[in-house]
Amino acid sequence: MSRRRVLIVDDDAPFLELLQLCFAKANFDVILASNGAEALKILFESESPDLVLADFMMPEVNGIELVRHLKASAKLFDTLIVLMSSNVDTEFRKRALDLGASAYLLKTDGAHAIAEKAIRMITGGAPGVSNCQTPSAATAQVDAMQQSLLALIRITTQMDGLPAQARSALITAEKLAESLFAAVPESET
């Protein structure tokens, strides 16, 4: 069985990197684009991914325009597309879904929660539409901090010229952080 593929489109580089880590950890092939125009080029020149996860508001081609292009293409019409945004306005969500997006997820839920919901959609586990109920702000901040800390550790570990002792300490810190974060019970949403 081949690995599933996801195209993540977002002009927010740190958030894009967090999503990439989440999907890579779930054994997905991850393709990245920083705007909708770049995503369209990738989509029309390669095999269709299992999911396009795109920010709603981006320069050049925004998420809504991206949905329109996908739904107008015979090749890409059936591609699962999920839009995400920090905007909680129900009109944004309604517009996205009316145009053919499979779901509208809130970025305030954090990268981990978005990836988890999207993965469940691909694997047939969860309903397609986020009900826009977010965990508490504190829960979202803790999740974002956990993801940021792990990303920082992983990036720092790869730095050139890092002494072997420092690299070893970072690897140990990463394993400890992962085990600590895994031991924290899921928050109620």
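Q: What makes up the secondary structure of the protein?
A: The secondary structure comes to seven helices and five strands, where helices (H or I, at least four residues) and strands (E, at least two) are DSSP runs, numbered from the N terminus. Read along the sequence, these follow the pattern β-α-β-α-β-α-β-α-β-α-α-α. This is a predicted model, in which local features need pLDDT of at least 70 and side-chain atom pairs count only at pLDDT 80 or more, while totals for chains, interfaces and linings use all residues. Residues are numbered from 1 along each chain as its sequence is written, and side-chain values use heavy atoms, with hydrogens and water left out.

Q: Why is threonine 79 called buried?
A: Buried means under 20% relative accessible area, exposed over 50%, and partly exposed in between (1.4 Å probe, protein chains only). Threonine 79 has 7% relative accessibility, and therefore counts as buried.

Q: Which residues is threonine 79 in contact with, leaving aside its neighbours within four places in sequence?
A: Contact means heavy atoms within 4.5 Å, and on that basis threonine 79 is in contact with Ser48, Pro49, Val52, Leu70 and Lys71, once those neighbours are left aside. Threonine 79 itself is found in the loop between helix H3 (63-72) and strand S4 (80-85).

Q: Why does aspartate 78 count as exposed?
A: Aspartate 78, whose place is in the loop between H3 and S4, has 72% relative accessibility, and so it counts as exposed.
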